[in-house]
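Trainee: Could you take me through the surroundings of the ligand in close detail, with the cut-offs behind each term?

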Amino acid sequence: MAIRLEESLEIEENFTHLIDGKLEGSESSFPVINPSTESAFAKCPDASKEQLDKAVIAARAAFNGWANRSYNERAEMLRRFGGAIVEHTESLSELLTREQGKPLVQAKSEIQRAAAQYDRITRIEICPEVIADDDSQHIELHYRPLGVVGAITPWNVPVILASGKIAQALYTGNTMVLKPSPYTPLSTLRLGELAAKIFPAGVLNILAGGDELGIWMTEHPDIDKISFTGSVATGKKVMASAASGLKRVTLELGGNDAAIVLEDVDPKKVAPKLFAAAFVNSGQICAAIKRVYVHESLYEELADAIAEEAKKVKFGDGLDPSSDYGPVNNKMQFEKLVDLIEDIKQSGAKILTGGDVPDRAGYYINPTVVVDVDDDARIVKEEQFGPVLPILKFSDVEEGIRRANDTRFGLSGSVWTNDLAKGEEIAARLQVGTARVNQHLGMSPDIPFGGAKESGLGREYSIVGLKGYMEPEVVHINKDSIE
Ligand code: NAD
């Protein structure tokens with residue numbers, strides 16, 4: 001691939017892995033592209049298989065010492081780490097904008113939300129559960145750490161996702177080897193620099209590399225669990241590969257979330273909310289709205305109002321303070337979206353706004369709103385993961401629910417209505433991990449998150465997520481005398 005180097009900037013090469021408490025480079029490296037300019041601005045070290053082995057050996061060696069510390073001790077260190085991230089908000093945000101593309105304010109918000117997770121997650125209490133206690137027996141369910149966790153993250157919100165995994169795995173007493181996406185490795189490697197000053201050697205190892213490194217991790221015989229966030233296709237490969245060693249897996253995968261809009265809402269009031277929840281991070285959020293089903297009585301009015309929202313916003317370089325939204329993150333995703341838009345045009349659906357790309361460098365897609373689209377069109381069936389939104393019409397709410405559920409995805413969904421009881425009843429019938437009424441996004445470390453169907457396996461966050469990083473163990477005491 002021919003890479004243009006950013007002319008006005010020095011190519012940064014000072015990025016390192018964190019392995020066994022030490023910061024080190026690799027013999028080979030790969031370029032990191034700024035999606036706003038399509039130019040490389042940094043070189044990222046590319047970890048070798050030997051470096052992965054070294055990291056896993058270090059994580060295994062550190063495991064007993066780390067697992068034997070109290071929850072409080074581990075929490076204290078994790079909170080200090082969160083504090084160090086806050087102190088570096090400015091530099092981390094700028095780096096995140098340059099490698100991911102999102103506007104600086106949103107990058108800042110990601111860094112702050114990532115840092116806050118270390119505090120929020122370590123406030124969750126994990127206690128043995130008493131199952132029976134009588135004259136003859138005492139039975140408790142304990143939770144103990146699994147060992148070495150391998151974590152693999154994608155490129156859309158890399159610092160939040162890495163931080164959620166680090167906080168959950170380390171708080172529960174595991175050690176970790178973490179691999180960020182090759183599209184956005186740098187801000188995660190900077191976390192490694194901060195971690196080196198806080199955690200004992202080997203507890204947290206961060207290595208950058210391509211997909212191959214992820215494969216080596218899932219195949220590695222001395223990794224006990226894979227915590228994976230990424231696409232459904234890769235999630236299936238991860239699960240198949242993890243099967244040989246019966247590794248535990250948590251899979252947080254793609255979504256094709258539906259929003260169902262009932263006839264009793266004011267289109268002008270809900271349009272900005274639907275737009276924001278669909279186009280957030282330029283549509284690159286797993287649980288963003290990806291299909292909108294609207295009652296026929298307000299279909300045209302609502303679709304036009306959403307299209308008007310799209311016309312108001314500015315997509316531009318994340319470092320330009322006037323940009324509301326950035327480009328999509330990488331060439332592969334950009335080309336996939338261009339192809340989907342071409343398919344929309346061929347299918348005869350109507351594009352209300354967008355449907356093209358601006359004539360400039362960068363992976364920009366003009367925000368696109370599509371109506372009169374068939375249920376079996378690719379834009380409805382597939383996860384677009386970009387700023388292209390199909391709006392579909394229904395005449396009967398039962399039909400709307402059936403069509404919203406007619407998918408292999410099942411991450412989240414929402415219902416929009418002024419009748420909260422009806423909204424709750426419909427939400428409960430959506431086949432998803434999270435169903436909401438009158439909002440779509442809003443994740444929190446206290447609320448379990450994950451997908452139904454092919455959107456995932458297991459949950460992250462809250463006590464439910466923490467237990468996914470632990471092995472349940474029954475401790476059964478017979479009180480009868482053995483004399
Ligand atoms: P991806 O599956 O292509 O890659 C994710 C990570 O897996 C990267 O680090 C990649 O290098 C690694 N990888 C690739 N092939 C691998 C293999 N065979 N074995 C092990 N690791 C491998 O996903 P992406 O394009 O980076 O991210 C976008 C996807 O992530 C979207 O589908 C989105 O919905 C999903 N996502 C889900 C959540 C969630 O919480 N459910 C959150 C964010 C993103």
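Mentor: What follows is a close look at the ligand and the residues around it. This is a predicted model, in which local features need pLDDT of at least 70 and side-chain atom pairs count only at pLDDT 80 or more, while totals for chains, interfaces and linings use all residues. Residues are numbered from 1 along each chain as its sequence is written, and side-chain values use heavy atoms, with hydrogens and water left out.

The ligand is surrounded by 29 residues, a residue being counted if one of its heavy atoms lies within 4 Å, and the closest are Asp211, Ser231, Thr234, Leu253 and Glu383. By class, this shell holds 14 nonpolar, 10 polar and five charged residues, where Asp, Glu, Lys and Arg count as charged, Ala, Val, Leu, Ile, Met, Phe, Trp, Tyr, Cys and Pro as nonpolar, and the others, Gly among them, as polar. At least two shell residues come from each of α7 (211-219), β11 (225-229) and α8 (232-243), these being DSSP runs numbered from the N terminus (helices H or I, at least four residues; strands E, at least two). Domain 1 (17-253) and domain 2 (257-437) each contribute at least three residues to the shell, with bounds from an automatic or database domain assignment.

As for polar contacts (pairs of N or O atoms within 3.5 Å), a ligand oxygen lies 2.7 Å from an N or O atom in the side chain of Ser231, a ligand oxygen is 2.8 Å from a polar backbone atom of Thr153, and a backbone N or O atom of Gly230 is 3.3 Å from an oxygen of the ligand. Taken alone the ligand exposes 850 Å², of which the protein buries 92%, by the Shrake-Rupley method with a 1.4 Å probe.

Methods. A polar contact is a pair of N or O atoms within 3.5 Å; within protein, one must be able to donate a hydrogen and the other to accept it, and residues adjacent in sequence count only if both atoms are side-chain atoms.
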